[in-house]
Each structure stands twice: as C-alpha cells, then as structure tokens.
Amino acid sequence: MIARIKETYRAMRLGTRLALGLGALALIVFAVVGSALTMYMRDYLSAQLNEQLKIAQIAQSKSISDNGTLKGKKYYGWYYAVYDVSDGNARLRTPEHADDVPEDIDDFTSLARAQAGLDTEIVRTEHLKGAGLYRLRACEAEPGVVLVSAAPMEAIDDTVNQLITIQVVTFVLALGALVVFGRAMLRRGLKPLSDMADTARGITSHDLTDSARLSVRHDNRDGGVEVEELRTAFNTMLEHIDDALAVRTEAEQRLRRFVADASHELRTPLMSVRGYADLFQYAAAHSPEERDKHLARLRAEAARMGVLLDDLLMLARLDAADVETPLRLEEADLTELARQAADAFRAGRPDHPLTVAIGSTPVRLRLDPLRVRQVLDNLLTNAAVHTPPGTKVALEVAVESGPAEVRITDSGPGIPADDQARVFDRFYRVDKARSRSRSRDRGGSGLGLAVARSLISAHGGTIDLTSEPGTTTFTVRLPLGTVPKG
C-alpha cells in the first residue's frame with residue numbers, strides 16, 4: 001500500500017506535488033498555531049475564573065465574619081461550604097440553602113483540611129459527582145474557619161470547544177484555498193519549465209543531420225530569478241549545441257569535398273600511368289626506340305602522384321599533431337633558409353627575376369628547417385606558377401618588435417577578393433584569375449598553400465595574404481621563441 005502511494009506521488013506533476021507539500025506544511029503550521037491558541041485561551045479563562053473565585057471569597061469572608069454564616073448574593077451554579085477546622089478535623093456548618101453544597105462533599109472536606117494552617121489559598125480542579133468539572137478554591141475566612149467555593153468549568157469548556165470548532169473549519173477552508181490557488185499559482189510559475197520541456201521535445205524531433213542550427217529557443221522570461229537562470233543555462237546549452245553542430249557540419253562538408261577532390265586528383269595521374277604503361281608495353285614490342293620516352297613519362301607521373309600523396313600524408317599528420325607531430329625542432333637561422341630558397345628559385349625559375357632583402361644579422365629560431373624551407377619553396381613556386389614570365393618576385397626577412405616575418409611579394413595580376421579567403425583551403429585553385437605558366441607547369445594539386453599554412457601553424461606562427469591588382473604578398477610570421485643552448 002505504501003509503495004503504491006509512493007508510486008502515485010512520483011507520477012504526479014511537480015506543481016501538484018509542490019501544492020500538496022505546501023498544504024501539508026500549512027496543516028502542520030495550522031495545528032501548532034491552533035494548539036497554542038487553544039491552550040492560551042484555556043489558561044486565560046481559567047485565570048479569569050480563579051480571579052472571580054478570589055473576589056467572591058473576599059466578600060463572602062466578610063459576610064461570614066459579620067454574620068457567622070454565608071449570606072448575600074451568590075453566583076448561579078456555584079457551590080459554597082463553610083468549615084470549622086480544629087485539630088486536623090473539618091466540620092461542615094449547616095448551609096444557608098441545601099443547594100449551596102453538592103451531593104458529595106468529600107472533595108470540599110479534603111480541601112478544607114488541607115488548607116487548615118496554611119497562609120495561602122488552595123486551588124484545585126475536581127470532577128464533582130453528579131455535577132461535573134469544577135474549580136475549587138479554599139481560603140481562611142477567619143481563624144479556624146475555612147471557606148470552600150466551587151465554580152463550574154462548563155463555560156470554559158464550551159468556549160474552548162467553540163474556538164476549536166471555529167479553528168478547524170477556518171483552517172480546513174484556508175487549507176483548501178491554499179491548495180487550490182497555490183496549485184494555480186505554481187502552475188503559472190512553473191509554466192516556463194513546461195515550455196522548456198516542449199522546447200526539448202522539439203529538439204528531439206529536429207533533424208540534426210539536415211541543419212546545423214536548431215530552430216527552437218525558449219524566450220519566456222516569467223518565473224523568477226531561478227527560472228531565469230535555468231532559462232539562460234538552457235539557451236546557452238542550445239547555443240553550444242548549435243556551435244557543435246555547425247562545426248560538425250562544416251567538418252563533414254570539408255571531408256566530403258576533400259575526399260572528392262583527392263579522388264579526382266589521384267585519378268588523373270593514375271590514368272596517365274595506366275596509359276603510359278600501355279604505350280610502354282606496345283613500344284617494347286613494336287618500337288623499342290620509344291621505350292625510354294614512355295618510361296620517363298611513367299616516372300614523372302609516378303613522382304607527381306608521390307608528391308600529392310606526400311602532401312596528403314603531411315596534412316593528415318598535422319591534423320593529428322596532438323597525437324603525432326611531424327616536426328623536428330632545432331635551432332636554425334631563418335635568414336640562411338631564406339637564402340637557400342632564393343638560390344633554388346633563381347636556378348629553377350630564371351624567367352622570374354627575384355629581389356632578396358634579408359640582411360646580415362642571423363635570425364635564430366627554434367623550428368624544423370626542412371619544413372620551413374618547404375613552406376618558402378611552396379610560396380615562391382606559387383608566385384612563379386600563377387604569374388606570367390617576367391613577373392618580378394621579392395623575398396624579404398624582417399624582425400621588428402614582434403615575431404620574425406618573411407614576406408614574398410609578386411607583381412602579378414593579383415587574387416580576387418572573393419577568392420582570397422579560400423586560397424588556403426585544400427584543393428582550391430584560382431585558375432580563373434591567376435594565369436599559369438604553360439611552358440613549365442601543368443598546374444598544382446591545390447595543396448601547396450594548405451600545407452604551408454598547416455606547417456606554419458604547427459610552429460605557432462601565422463601566414464596571411466594581401467592582394468590587389470599588381471601586388472600579391474604572403475607574410476609568414478614565426479614566434480621568437482627561446483632556443484635551446486648547445
């Protein structure tokens with residue numbers, strides 16, 4: 001039975017449970033207040049009755065002293081008895097009227113004997129046989145004479161019972177109103193929580209694979225400070241989910257583009273390798289003098305595919321840099337690396353005049369010389385591949401108040417503003433704006449700038465682009481970190 005009640009209670013809504021709990025608490029408060037009020041009222045009425053007995057006995061004691069008997073006005077329903085007390089015995093004087101004493105006077109006699117010889121009055125509450133509950137008071141009217149008076153307590157009991165009845169009725173009505181109106185107020189106060197529950201149900205029905213943004217929010221600002229804090233936390237959680245979904249969606253889209261572009265880039269050299277392999281087989285059988293030419297083309301396509309795979313592997317290792325880093329850091333001179341890159345560029349690209357501004361002061365940094373050299377070669381090659389012959393190229397190394405900077409500038413046609421934000425994306429090309437030199441290159445894989453940015457980021461640096469018609473500058477910034485001592 002208890003388990004069933006608990007199960008029913010747990011199944012109730014929060015507002016109902018709070019209303020019932022508030023009602024139970026109010027019932028306890030009402031009971032405590034009612035009991036205290038009832039006890040106070042009973043004690044107050046009893047004290048009033050005692051005072052009435054005292055005042056009446058003062059007047060009656062004077063009558064006994066003057067007349068030797070009890071005369072005068074008496075209270076209706078009260079009892080009076082006069083005792084002569086001596087040697088511990090109490091003898092009742094003949095009452096003025098037979099109704100002045102109850103049928104059983106044992107309690108009166110006992111109280112008179114107890115009062116004899118005392119300097120103070122005695123007050124007791126006794127149940128008189130055939131009469132009911134009475135308050136008895138004994139006092140010495142004169143030496144050797146004790147007056148015992150008894151006042152009924154029926155009026156006190158009636159008053160207290162009426163008070164209890166009024167309290168119970170009032171408390172029941174107040175409790176009912178509290179539960180009913182409290183439930184309504186709680187329901188209104190908890191409505192924001194219900195709205196949040198509806199919002200959560202809306203999230204569960206939302207297709208998270210279709211959009212990176214959740215279309216639901218909770219904007220009701222009623223309910224007080226606590227509900228407002230919960231609302232803020234709830235909306236903050238939704239914003240976090242939105243951001244996570246946006247990142248995931250963008251990552252998935254990038255992955256799909258990456259897989260599609262990689263497949264396309266790998267398919268081209270593979271088809272070339274297959275075609276040259278067939279030609280090589282045919283030449284080996286019918287035209288032996290063509291074999292060396294076809295074999296050279298096979299090697300060139302294989303080398304091209306190998307470069308592409310190396311770049312893809314490098315990007316994958318840089319993406320997983322927290323697990324495996326492809327860098328081998330050591331102390332190296334950035335100016336020396338720039339000179340080596342400039343010499344290699346002049347030897348391989350004589351149709352692009354190169355201006356070098358490096359300086360004589362070494363710039364020693366903690367870096368991977370092989371990878372930084374790869375970045376410089378990629379940027380210089382990019383400047384030559386995407387500009388016509390005769391385009392001037394400049395290489396500059398500078399160290400100011402901040403990090404070390406390497407700037408590579410060409411005077412080519414520039415990169416459109418719409419494409420500048422994406423030139424570092426993998427497999428992204430700007431063929432429509434920057435003409436390639438057809439005499440030497442067939443076009444890159446679209447990974448050179450992506451690899452360059454990833455390598456510089458792995459060093460803790462940045463690579464930026466500024467371009468306008470007639471000037472394009474790539475700026476590499478490397479932090480001036482502390483190099484290890486010999």
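**Exercise 1. Determine which residues Thr335 touches, not counting residues up to four places away in sequence.**

Solution. Step 1: contact means heavy atoms within 4.5 Å. Under this criterion, Thr335 touches Ile358, Thr361, Pro362, Val363 and Val397, with residues up to four places away in sequence not counted. The structure is a predicted model, in which local features need pLDDT of at least 70 and side-chain atom pairs count only at pLDDT 80 or more, while totals for chains, interfaces and linings use all residues. Residues are numbered from 1 along each chain as its sequence is written, and side-chain values use heavy atoms, with hydrogens and water left out.

Step 2: Thr335 is found in helix 8, residues 334-348. Helices (H or I, at least four residues) and strands (E, at least two) are DSSP runs, numbered from the N terminus.

Step 3: the relative accessible area of Thr335 is 2%, so the residue is buried. Buried means under 20% relative accessible area, exposed over 50%, and partly exposed in between, with a 1.4 Å probe and protein chains only.

Step 4: the side chain of Thr335 also makes a polar contact with the side chain of Asp333, at 2.7 Å. A polar contact is a pair of N or O atoms within 3.5 Å; within protein, one must be able to donate a hydrogen and the other to accept it, and residues adjacent in sequence count only if both atoms are side-chain atoms.

**Exercise 2. Describe the polar contacts and surroundings of Ser467.**

Solution. Step 1: Ser467 lies in strand 11, residues 462-468. With a relative accessible area of 16%, Ser467 is buried.

Step 2: its side chain reaches the backbone nitrogen of Ile415 at 2.7 Å. The side chains of Ser467 and Thr472 are joined by a polar contact of 2.9 Å.

Step 3: leaving aside neighbours within four places in sequence, Ser467 is in contact with Gly414, Ile415, Gln420 and Thr472.

**Exercise 3. Describe how helix 9 and helix 11 pack.**

Solution. Step 1: two packed helices are described by the angle between their axes and the distance between the axes. The axes of helix 9 (residues 369-385) and helix 11 (residues 448-458) come within 9 Å and cross at roughly 145°. Axes are lines fitted to C-alpha atoms, for helices over the stretch in contact, and angles run from 0 to 180 degrees between N-to-C directions.

Step 2: on the helix 9 side, the residues that meet helix 11 are Arg371, Gln374, Val375, Asn378, Leu379 and Asn382. Their counterparts in helix 11 are Gly448, Leu449, Val451, Ala452, Leu455 and Ile456.

Step 3: Asp377 also lies in helix 9, and at 23% relative accessibility this residue counts as partly exposed. Asp377 and Ala452 are 75 residues apart in sequence and 9.5 Å apart in space, C-alpha to C-alpha.

**Exercise 4. State the strand order of the open sheet and identify the strands at its edges.**

Solution. Step 1: five strands form the sheet in the order 2-1-5-4-3, with antiparallel pairing. Two strands pair if DSSP finds at least two bridges between them.

Step 2: strand 2 (89-92) and strand 3 (122-128) each have a single partner strand, so one side of each is left without a neighbour in the sheet.

Step 3: strand 3 is joined to strand 4 (residues 132-142) by seven bridges. His127 stands opposite Leu133 in strand 4.

Step 4: Asn89 has its place in strand 2 and is exposed, with a relative accessible area of 52%.
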